[in-house]
Amino acid sequence: MATKETPVDKVLKFIKSNKIKFVDLKFMDFPGQWQHFTVPTTEIDKDSFKDGFGFDGSSIRGWKSINESDMLIIPDPATMFLDPFIELPTISLTCNVHEPATKERYTRCPRSISQKAAEYLKSTGIADTVYFGPEAEFFIFDDVRFDSQPNTSYYFVDSVEGRWNSGREENPNLGYKPRYKEGYFPVPPTDSLNDLRNEMVLNLMNSGINVEAQHHEVASGGQCEIDLRFAPLVVAADQLLMFKYIVKNTAKQHDKSVTYMPKPIQGDNGSGMHVHMSLWKKGKPLFAGAGYAGLSELALYFIGGILKHAASLLAFSNPTTNSYKRLVPGFEAPVNLAYSQRNRSAAVRIPMYSANPKSKRVEFRCPDPSANPYLAFSAMMMAGLDGITNRIDPGEPLDKDIYDLPPEELKNVPSTPGSLEEALKALADDHEYLLKGDVFTEDVIETWINYKIEKEIKPMALQPHPFEFGLYYDV
């Protein structure tokens with residue numbers, strides 16, 4: 001009887017049969033940036049997937065101090081893809097971070113947190129799989145410049161599609177530039193980025209990621225979206241990082257720059273990351289039922305948990321000071337914490353595209369693509385499970401256009417935090433649901449809050465803003 005080929009065997013076989021020269025080892029830092037280093041394939045064997053590779057953890061944001069810097073990364077063979085952007089034949093492997101002395105998972109490793117979340121779900125008996133389908137929007141720019149010095153601070157972004165360039169001499173300016181808030185979604189030539197998005201899609205598919213659709217988005221200035229097929233929690237987070245990497249590098253090959261910054265353009269729509277979620281058990285969907293919008297009671301309780309913990313969730317799902325420049329009324333951003341079928345102005349929406357029970361899901365519309373997906377997805381699942389465990393009633397749905405509600409009705413609808421500082425305060429006050437199953441730890445919560453305050457909020461508060469000069473220079 002033939003021995004079954006393991007994932008490690010497949011990696012080693014692929015290296016040999018495709019004459020791979022290098023292995024790129026990628027891992028996630030604490031705030032949410034992919035990091036990497038590369039080893040020649042002569043350094044890879046079966047033991048590499050048990051013993052790992054050492055590196056200096058003190059140089060990674062939010063991790064070790066200099067006196068305890070040694071760390072290990074252990075590659076996951078199931079994450080292999082052929083890197084399309086490195087000149088010499090190179091495969092990529094996503095890694096977990098471990099303590100070198102004990103080989104235990106490092107508690108601040110975001111991927112390890114998501115793995116613990118998936119394990120905790122199974123331990124509850126409620127479900128065995130949670131699926132995530134993120135829709136990460138992004139801008140494609142032709143020119144990006146920014147600086148911050150003691151005597152100056154500015155940014156400049158530009159796009160040939162930008163409506164602000166309708167009067168610019170371009171020798172010739174052909175005039176096909178999407179109007180503000182009207183980029184969803186005209187055909188070419190107004191949409192000048194279709195071919196580039198198609199190339200991005202092919203690179204994603206060739207790397208093993210299933211893509212459902214691509215299109216221009218609402219904002220002028222090159223806002224786009226590529227939708228990925230749903231996947232289990234850890235895989236979905238892995239693929240979102242691959243997605244960012246592939247999209248950015250494909251654009252760079254065309255001398256263009258991609259950003260997932262939520263609000264890079266003033267006065268037009270920002271980039272969100274609507275996240276579709278569903279629970280399954282033994283191959284059967286658990287969110288379909290006879291309740292509102294075809295939902296099960298369990299799904300409604302899941303929504304109840306999301307809405308109850310939304311303020312603290314946003315500390316992970318909307319983790320930048322810039323995130324809250326998107327979460328303002330008037331730009332299709334879900335600033336009000338309500339749920340509804342079809343209604344895109346609600347924080348939680350129930351898509352109604354299909355009556356198939358397998359398609360039944362809930363969509364959390366607050367998150368944005370600056371999030372660390374391992375942490376954000378894990379926190380969303382934990383909030384939903386808390387809703388199920390404690391049978392949290394989400395209240396009545398809101399099927400009206402929230403933006404057109406009269407003030408007397410709107411005052412009864414809770415709203416999202418107005419700043420990252422507010423979201424972090426909510427996380428400090430409301431995080432017990434994240435500690436279940438040791439998924440998150442007090443150390444992770446405390447380190448996240450302190451890092452954001454010390455590295456982002458306080459420096460921003462001390463920096464004079466260019467707009468302030470127009471307001472106050474002549475006082």
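# Chat about a predicted fold

Me: Where does Pro172 lie?

Reply: Pro172 is in the loop between strand 9 (152-158) and helix 4 (194-206). Helices (H or I, at least four residues) and strands (E, at least two) are DSSP runs, numbered from the N terminus.

Me: What kind of model is this, and how are residues numbered?

Reply: The model is predicted, with local features needing pLDDT of at least 70 and side-chain atom pairs counting only at pLDDT 80 or more, while totals for chains, interfaces and linings use all residues. Residues are numbered from 1 along each chain as its sequence is written, and side-chain values use heavy atoms, leaving out hydrogens and water.

Me: Buried or exposed, Asn171?

Reply: Asn171 counts as exposed, at 70% relative accessibility. Buried means under 20% relative accessible area, exposed over 50%, and partly exposed in between, using a 1.4 Å probe and protein chains only.

Me: What joins Tyr184 and Phe185?

Reply: A cis peptide bond, with omega about -20°. Phe185 also belongs to the loop between strand 9 and helix 4.

Me: Now Ala293. What is its phi, and where does it lie?

Reply: Phi of Ala293 is positive, about 55°, although Ala293 is not a glycine. Ala293 lies in the loop between strand 15 (284-285) and helix 6 (297-308). Ala293 is buried, with a relative accessible area of 10%.

Me: Zoom out. How many helices and strands does the chain have?

Reply: The protein chain has 14 helices and 18 strands. Its radius of gyration is 23 Å, close to the 23 Å that the globule rule gives for 475 residues, so the chain is as compact as a globular protein of that length. The radius is taken over C-alpha atoms, and the rule is 2.2 Å times the number of residues to the power 0.38.

Me: What does the C-alpha trace span?

Reply: About 70 × 60 × 50 Å along the principal axes.

Me: How many of the 475 residues are buried, as a percentage?

Reply: Buried residues make up 53% of them.

Me: And what share of contacts comes from residues 24 or more positions apart?

Reply: They account for 68% of the contacts with a separation of 6 or more. Contact means heavy atoms within 4.5 Å.

Me: Next, helix 3. What should it span?

Reply: Helix 3 (residues 110-124) has 15 residues, which should span 21 Å at 1.5 Å a residue; its end C-alpha atoms are 21 Å apart, which agrees. The expected span is 1.5 Å times one less than the number of residues.

Me: Which residues of helix 3 are buried?

Reply: Among them are Pro110, Ile113, Ala117, Tyr120 and Leu121. Just after helix 3, Gly125 takes a positive phi of about 80°.

Me: How many residues of helix 7 are buried?

Reply: Seven of its eight residues, so helix 7 (residues 310-317) is mostly covered. The buried ones include Leu313, Leu314 and Phe316.

Me: Where is Ser323 found?

Reply: In helix 8 (residues 323-326). Ser323 is buried, with a relative accessible area of 0%.

Me: What is Ser323 in contact with?

Reply: Leaving aside neighbours within four places in sequence, Ser323 contacts Pro262, Asn318, Asp368 and Ser370. Ser323 and Pro262 are 61 residues apart in sequence, yet 5.5 Å apart in space, C-alpha to C-alpha.

Me: And Glu137, buried or exposed?

Reply: Glu137 counts as buried, at 6% relative accessibility. Its place is in strand 7 (residues 129-141).

Me: What does Glu137 contact beyond four places in sequence?

Reply: Its contacts include Glu217, Gln223, Cys224, Glu225, His274 and Pro369.

Me: Last one. Where is Gly418?

Reply: In the loop between helix 10 (407-410) and helix 11 (420-429). Gly418 counts as partly exposed, at 48% relative accessibility. Gly418 and Phe37 are 38 Å apart in space, C-alpha to C-alpha, and 381 residues apart in sequence.
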